[in-house]
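Have the viewer open as you read.

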Amino acid sequence: MILPDPIFGDEKVTKFVNHLMYDGKKNVAYEIFYSSLDIVKTRMAKEEKSPLEIWKQALDNITPQVEVKSRRIGGATFQVPTEIRPSRKESVSMKNLIKYARTRGGKSMAEKLAAEIQDAYNNQGGAFKRKEDMHRMAEANRAFAHFRF
């Protein structure tokens with residue numbers, strides 16, 4: 001069972017922080033997350049949404065609808081496009097956001113995460129590109145969709 005986070009009372013935030021956390025350091029992960037939302041708040045002051053809403057919108061923007069899974073059929077391996085179930089969609093988008101925030105150049109993790117959230121909110125950046133690539137792969141391999149399992 002996942003408990004809601006202390007500030008916003010949102011389970012999604014806790015899930016995100018759990019992905020962000022290293023070595024069970026949850027307080028550190030919470031600090032990173034909250035400070036990155038503060039950075040987003042100052043950078044995107046002209047937006048009428050709260051930083052939390054901006055973060056949720058950013059996650060929605062980088063959530064893939066389909067992915068390709070490798071499937072062996074008679075000695076050949078096909079990339080079969082499959083739909084992603086909702087819980088996995090959420091997980092994949094969170095992991096991608098964190099992964100691309102970590103690979104960014106920059107100062108602190110909070111700043112890198114804030115920058116990646118902004119990019120995702122504006123439909124750009126590494127995590128958004130990853131979603132586009134997943135969709136492109138699925139589209140290219142649409143011919144093998146009948147191998148779905």
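In which helix does Lys-26 lie? Keep in mind that what you're looking at is a predicted model. Lys-26 sits in helix H2.

Now head for the core. The largest nonpolar core has 31 residues, and those with the most contacts inside it are Phe-16, Leu-20, Phe-33, Trp-55, Leu-97, Leu-113 and Ile-117. H1, H2, H3, H4, H5 and H6 each give two or more residues to this core. Phe-16 is a handy place to look around: leaving out neighbours within four places in sequence, Phe-16 is in contact with Phe-33, Trp-55, Met-94, Leu-97, Ile-98 and Leu-113.

Trp-55 leads us on to helix H3, which spans residues 51–61. The buried residues of H3 are Pro-51, Leu-52, Ile-54, Trp-55, Ala-58, Leu-59 and Asn-61. What do they pack against? Their partners are helices H1 (11–20), H2 (26–43), H4 (86–103), H5 (109–121) and H6 (126–140).

Next come two helix pairs. A packed pair of helices is described by the angle between the axes and the distance between them. For H1 and H4, the angle is about 50 degrees and the axes are 10 Å apart. That makes H1 oblique to H4, and their crossing is right-handed. On the H1 side, Lys-12, Lys-15, Phe-16, His-19 and Leu-20 take part, meeting Glu-90, Ser-91, Met-94, Lys-95, Leu-97, Ile-98 and Arg-102 of H4. Sorted by class, the residues of this contact are five nonpolar, two polar and five charged.

And how do H4 and H5 cross? Their axes come within 8 Å, at roughly 125 degrees. H4 and H5 are therefore oblique to each other, and the crossing is right-handed. H4 brings Leu-97, Ile-98, Tyr-100, Ala-101 and Arg-102 to the contact, while H5 brings Met-109, Lys-112, Leu-113, Glu-116, Ile-117 and Ala-120. Here the tally is eight nonpolar, no polar and three charged residues.

How values were computed:
Residues numbered from 1 in each chain as written. Predicted model: local features only at pLDDT ≥ 70, side-chain atom pairs only at ≥ 80, totals over all residues. Heavy atoms only, no water. Buried < 20%, exposed > 50% of the residue type's maximum accessible area, 1.4 Å probe, protein only. Helix = DSSP H or I, 4+ residues; strand = E, 2+ residues; numbered from the N terminus. Contact = heavy atoms within 4.5 Å. Core = buried A, V, L, I, M, F, W, Y, C linked by side-chain atoms within 4.5 Å. Axes fitted to C-alpha atoms, helices over the stretch in contact; angles between N-to-C directions. Parallel < 35°, antiparallel > 145°, perpendicular 65-115°, else oblique. Left-handed = near helix turned anticlockwise from the far one by under 90°. Nonpolar A, V, L, I, M, F, W, Y, C, P; charged D, E, K, R; others polar.
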